[in-house]
Amino acid sequence: MADERIGVYICHCGTNIAGTVDVEKVAQRIAGLPNVVLAKDYKYMCSEPGQAMIKQDIRDRKLNRVIVASCSPRMHEPTFRKAAQEAGLNPYLVEMANIREQCSWVHMKEPEKATVKAIALVAAAVAKSVFDEPLQMREVPVTPAALVIGGGIAGIQSSLDLADQGFKVHLVEKTPSIGGHMAQLDKTFPTLDCSACILTPKMVDISRHPNISLLAYSEVKAIDGYIGNFKARVLKKPRYVDESKCTGCGLCAEKCPVNVPSEFDLGLGTRKAIYVPFPQAVPLRYTIDRENCLYFKKNICRACEKFCTSGAIDFGQLPAEVELEVGAIIIATGYDLYDAGHKAEYGYGIYRNVINGLEFERLVNASGPTSGKVLRPSDGKAPRSVAFVQCVGSRDKNANLYCSRVCCMASLKQAHQIKEKFPGAEVSIFYIDMRCFGKGYEEFYERVQQEGVRFIRGRVGEILENPDDKNLVLRFEDTLLGEVAEREFDLAVLATGVIPRADTSELQSILKLSRGPDGFFLEAHPKLRPVETNIDGVFLGGAAQGPKDIPDAVAQAGAAASRAAVPLSMGKVELEGIIASVDEDLCSGCRICESVCEYGAIKMKEKSGKQVSSVIEVLCKGCGVCGSACPTKSIKMCHFTDDAILAQVKAVLRD
Amino acid sequence: MSKLKIGFYWASTCGGCEVAVLDVNEKILDTLKVADIVFWPVVMDIKYKDIKAMGDKSVDICFFNGSIRNGENELLAKLLRKKSRILISFGSCACGGGVPGLANLHNRRTVFEKVYRESVSTKNLPGVIPRTCSEAKEGELTLPEFYDTVKTLDQVVNVDFYLPGCPPPVDLIAKVLQSFSSGTNPKKGSVLAPEISLCESCKREKGNKKIAKVKRFHETALDPKKCFLDQGIICMGPATRSGCGEPCLDANMPCTGCMGPIPGASDQGAAMIGALSSILGIENEKEKSENDMDQLVGEIKDPVGTFYKYTLPSSIINRRVK
């Protein structure tokens, strides 16, 4: 390592750095370090002339290491790596010293100390660069197919977008039909379109699209591999109905003697033990609910089998496993509804006239259990007064801190529907803040105000039921009037929040994804990479990433599809050169690295009679956890070796 | 060919290393056929002046055990270095500082306070503390200076070879004597023990390492076939050099690390801390609070004594600073 020729470039970043740090002094001091051929300061290193200077020096002065002391490497490391590469230097021989975020910006009031620190930081980068080795990016081919998990509106949108671009799409849906929550809604805000009317044509498109293979009533069990080359194992649950024979005529359900509460109608209506969740289901194939079917329970009945004209009933059907090879994955698993039962003070689940927003949707829907009549569950009478209680389970430190983003508009729309159906009814919305931020939302809010809906600013403290008439007494503080009051209503609708799906953890561990503090899947960057995840090739569509209304879910799902299309259409992906490598002679096979790897990139293998660990290079993200965990130091983290880091520490501590 | 001249010295240590030399049993006789023991204070009467009288490099091999705790240890180390052709850092104390090296968590003043004044078994009413020089009826009496910091042998003199272990394994001692008498000298500066970790030679069944809780011996029934770490018991094996013959493991006790670090991982304690902290509580890590983590780590009793039992003076952070 005797012939390192290091060039050091200290950026002024306008006045961002030079306003605090004495950049000339830094350059002078660094120029005196061993192996440093030149140290220059310049106004904007990232500018075209700045880069040209580096390239020129690499050629003229035969530099074989370049240090750029400027901003965080996050933005400009690729810039300088590329410049070095253009001048014929391996990009991994470029080091950055962050003297802006980690120095000038945080020590603005102490210019002298900031200069000392900048010298130390640059000296550390110089010391480390001696240990840097040239590394290569790796290229892998991509399977031009995608897996979309979740068949709600987001998954539908992502699937159609990718399929229309010519990529094969496997859409996996857990329940018997696609459609998701959107299929349960009556009308959508603020345009009052019928939800099913705009959704079902898209569902039909899914079933007809030549590039889409729909795996409904199926679950993703395992995913292996990496961007471009994922292998997914999907379990097709038995419907006990041969999908290829079932015509969806419904005769079986007509003849089935078993009535059970319908999940689709949230238990407000019933379905049979052989059923489709709703009439427009896709695929329109019946499913036997094993738990409630008399044949499975008592070995009797078989009515469906007797009446099925196409012989589709197959009680002996077994779960089947399908293996899919895809290049990209979109997570569109959506959300669950907050269980209002957790807020005991509202009596949900105890008082029959306290319902949640989604139940209201089923009641007001023409194809719902009451054929669209909003009636009090306790006595079937039309309500004369309705209260909407906002932020149930949202913006609440005892439940979830975040805003669920859909409930304000949903309640406004539902209030409007009450006013439409019962013009004389008194409708009150109890709110903390009305959040009507989308296109046309504020106007809709205005409209509902005009319709005579009352808005009371304050969280409802308690709901009590009058045991005689089952009317509800809401106790609340009107914070605008500054008084505590009680008022009686016939019906209370809780605007329950949106929470991560109950099975989020399962999918998280299958894919090793990250989740935010709210429990939803975490995007790679909150602003600049909102649909990517920390796993290359895995994208987020819709409410799996956080609460979203339909327009946002569709937009996010479309964005996920277009991001997923990038590697799929490239046909190949480049992978980072900074990865871990194992010295098999030193490895003792203790398996610690295997346990700590977040990406499943370490597997044990047999090597001359002993078990040693090996890095699956395409899976390795270069995080370095295995390297620091390895007790024998047989795992070397390229670009961040122990020797290099110790040299950095020593350089920082030298003065 | 003239006989090899060998010597043994015992600095700051318990003396077990020299007992280990005797444990080679009758093989010592083979050695004596080719070597003369010219210097061994524990079995031979010899004075400083006798060593000083020896010619430079006149001792072929000197086995030096014990760490450098005081002025006398250092003086002898330097003297024996001068007189010896080959100086072997013998045993854990000479190589890494050993158990006496844990005194680096204290300094001279606090060690003396504890030993000569505070310890319940000490009766020292005038509160006398050793001094390098004191007046007595008979005249001036001197004692070697007691250092603040325990050092390893190679921190005061150049060392040719290392033979770690507490005590060094009999097999390895016999092998060393054999190889030097047959004239096949290993590479200078090398450790005269296998270049692999104990895990590699350990026969126990190894599973996926995810430790939910660190346990102490009395808290669990140890399965003699399973890896200790998999059972939640801290075993220094992953970060420790093999070659001991595994007597502890055979007795169903985990490795405490006496063979010192493995090549490439010079800070044995740090290597093990890195490994253990990576796998401790890793299951559902994200759901654990800082409190949970503190509690998990708190279950490791005497962390320095666990991870640096034999190597505190030779580690990167080799003593308490404040």
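Author: Chain A has 18 helices and 34 strands, where helices (H or I, at least four residues) and strands (E, at least two) are DSSP runs numbered from the N terminus. Keep in mind that this is a predicted model: local features need pLDDT of at least 70, side-chain atom pairs count only at pLDDT 80 or more, and totals for chains, interfaces and linings use all residues. As for labels, residues are numbered from 1 along each chain as its sequence is written, while chains are lettered from A and ligands numbered from 1 in the order in which they are written.

Of the 655 residues in chain A, 48% are buried, meaning that 20 or more other C-beta atoms lie within 10 Å of the residue's own; 12 or fewer makes a residue exposed, anything in between partly exposed, and C-beta atoms are placed from the backbone. If you take the contacts in chain A between residues at least 6 apart in sequence, 70% join residues at least 24 apart. A contact here means that the two C-beta atoms, placed from the backbone, lie within 7 Å.

Now for the helix pairs. Two packed helices are described by the angle between their axes and the distance between the axes. Take α1(A), residues 23-31, and α5(A), residues 111-129: their axes come within 10 Å and cross at roughly 40°. Axes are lines fitted to C-alpha atoms, for helices over the stretch in contact, and angles run from 0 to 180 degrees between N-to-C directions. The two helices α1(A) and α5(A) are therefore oblique, since under 35 degrees counts as roughly parallel, over 145 as roughly antiparallel, 65 to 115 as roughly perpendicular and the rest as oblique. On the α1(A) side you'll find K25(A), V26(A), R29(A) and I30(A), and they meet α5(A) residues including T115(A), A118(A) and V122(A). Sorted by class, this contact of α1(A) with α5(A) has seven nonpolar, one polar and two charged residues. Ala, Val, Leu, Ile, Met, Phe, Trp, Tyr, Cys and Pro count as nonpolar, Asp, Glu, Lys and Arg as charged, and the others, Gly among them, as polar.

Next come α6(A), residues 153-164, and α7(A), residues 195-208, which pack at about 50° with their axes 10 Å apart. That angle makes α6(A) oblique to α7(A), and the crossing of α6(A) and α7(A) is left-handed. I153(A), I156(A), S159(A) and L160(A) of α6(A) meet α7(A) residues, among them L199(A), K202(A) and D205(A).

On to the strands. β24, β25 and β26 of chain A line up in that order as an open antiparallel sheet, with pairing called when DSSP finds at least two bridges between two strands. β24(A) and β26(A) stand at the edges with a single partner strand each, so one side of each has no neighbour in the sheet. β25(A), residues 472-478, pairs with β26(A) over seven bridges, and D478(A) has E483(A) as its bridge partner.

Last, β5(A), residues 138-141, runs antiparallel to β30(A), joined by four bridges, with P141(A) opposite K572(A).

Technical notes:
A crossing is left-handed if the near helix is turned anticlockwise from the far one by less than a right angle, and right-handed if clockwise.
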